[in-house]
Amino acid sequence: MQDRYKRKIDYMRVSVTDRCNLRCRYCMPERIESVEMKELLTYEEITNVVRAAQKLGISRIKITGGEPLVRRGIDTLVNMLKCIPGIEEVTITTNGVLLYDQLDDLVRSGIDGINISLDTLDPDRYRQITGFDKLEDVRSGIEAALKYDIPIKINAVSLKSDDVDDLIGLTKDRDIDVRFIEMMPIGMGKGFPGIPHDELIPMISDRYGQLQPDSARHGNGPAEYYRISGFRGCIGFISAIHKKFCDSCNRIRLTSQGFLKSCLCYDTGVDVKETLRSGKPEQEIFSRLGSDIEQCIFLKPDSHSFLQGEKISEKHAMSSIGG
């Protein structure tokens, strides 16, 4: 389906929980009231939304959180989504802490790719950012995942320059993409220091030589990928603030509580949980879901306004939205 601005919308990010086993300072406050489980969409409800979305052209799904691996049986949801005709790809974004233990189940369920959020390889910095001493658990999950024939990406929020070299080093001898993401002014991210990419990219070029653009498809998102001479993997940049990619945005988001969002920047969207739990006949619910999704896509704005703080209407933390 196309939106009002002729963009093809074929990608949905699906949050399954607002809970997380880390407390990254730019994402989740120390004291946060988690939503009761009864308020979260069940796996069956999520599957029904995705089935309706597929009829409108959604073909790729990213499972997010909070931290999706803290929700029991996430591999079951992966399998349920993979069984929907027309869904071509189901991937997941995780902080990696529980990945080693759940990796085999995810692979058996048919997961098509794993994104691991990791901002630093320095143990002290990791503890400072996340509040926990779990870096070795994450590294074990990464090394285990590399044994499978599935794409592995590292997502690093661009925080401090002295973390960059270690992260880029992961791509030297491994088939890993490391993607640097500009800090977005959502929730706790407002006012949190980060490196703008118009500074980061020249800095990396100075250290590693001319970056070679890589035009191969690496995923569903807006990252621009580059190769460093002699490195197996690629580095990517998601520059949401200083190099807007809104004109090619292809996504909508489903929060864990059943709210469909068309843009991170704004609080507008459609509540599909009301439709799912209306008690109406199944076919009527399915038809209404289609209308809800069409409305969400219709409401999709032409661009975000992250550089104009007064226009940002989204007030929730990233953990409750599903980034």
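This is a predicted model: local features need pLDDT of at least 70, side-chain atom pairs count only at pLDDT 80 or more; totals for chains, interfaces and linings use all residues.

1. An α-helix has 3.6 residues a turn, so residues three or four places apart point the same way.

2. How do the axes of α1 and α2 cross? Helix α1 comprises residues 43–54 and helix α2 residues 74–82; their axes come within 10 Å and cross at roughly 25°. The two helices are therefore roughly parallel to each other, an angle under 35 degrees being the criterion. The crossing of α1 past α2 is right-handed.

3. The contact between these two helices is formed from the α1 side by Tyr43, Glu44, Ile46, Thr47 and Val50, and from the α2 side by Ile74, Leu77, Met80 and Leu81. Seven of the contact residues are nonpolar, one is polar and one is charged.

4. The axes of α2 and α3 come within 8 Å, with a crossing angle of roughly 15°, which makes α2 roughly parallel to α3. Here too the crossing is right-handed, with α2 passing α3. Ile74, Asp75, Val78, Asn79 and Lys82 of α2 meet Gln102, Asp105, Leu106 and Ser109 of α3. This contact divides into three nonpolar, three polar and three charged residues.

5. Which residues of α3 are buried? In this helix, residues 99–109, they are Leu99, Gln102, Leu103, Leu106 and Ser109. Seen down the axis of α3, they fall within an arc of 135°, so they line one face of the helix. Their packing partners are α2, β3 (89–94), β4 (113–117) and α5 (135–145).

6. The face of α3 turned away from its buried side carries Tyr100, Asp101 and Arg108, which are exposed. Just after this helix, Gly110 adopts a positive phi of about 105°.

7. A further contact involves α1 and helix α9, residues 282–299, whose axes come within 9 Å and cross at roughly 65°. That angle makes α1 roughly perpendicular to α9, since the range for this class is 65 to 115 degrees. The crossing is right-handed. From α1, Asn48, Val49, Arg51, Ala52 and Ala53 take part, and they meet Phe286, Leu289, Gly290 and Ile293 of α9. The composition of this contact is six nonpolar, two polar and one charged residue.

8. Most residues other than glycine have a negative phi, and most peptide bonds are trans. The bond from Gly65 to Gly66 is a cis peptide, with omega near 20°, and Gly66 lies in the loop between β2 and α2. Lys6, a residue other than glycine, has a positive phi near 65°.

9. Is Lys6 buried or exposed? Its relative accessibility is 62%, so Lys6 counts as exposed, the cut-off being over 50%. Lys6 is placed in the segment before β1 (11–15).

10. The last point concerns Arg232, in the loop between β8 (224–227) and β9 (234–238). Arg232 is partly exposed, with a relative accessible area of 46%. Asp175 is 57 residues away from Arg232 along the chain, yet their C-alpha atoms are separated by 5.8 Å. Leaving aside residues up to four places away in sequence, Arg232 touches Thr171, Lys172, Asp173, Arg174, Asp175 and Arg227.

Definitions and conventions
Residues are numbered from 1 along each chain as its sequence is written. Side-chain values use heavy atoms; hydrogens and water are left out. Axes are lines fitted to C-alpha atoms, for helices over the stretch in contact, and angles run from 0 to 180 degrees between N-to-C directions. Helices (H or I, at least four residues) and strands (E, at least two) are DSSP runs, numbered from the N terminus. Angles under 35 degrees count as roughly parallel, over 145 as roughly antiparallel, 65 to 115 as roughly perpendicular and the rest as oblique. A crossing is left-handed if the near helix is turned anticlockwise from the far one by less than a right angle, and right-handed if clockwise. Contact means heavy atoms within 4.5 Å. Ala, Val, Leu, Ile, Met, Phe, Trp, Tyr, Cys and Pro count as nonpolar, Asp, Glu, Lys and Arg as charged, and the others, Gly among them, as polar. Buried means under 20% relative accessible area, exposed over 50%, partly exposed in between (1.4 Å probe, protein chains only). The arc is that of the directions from the helix axis to the C-beta atoms.
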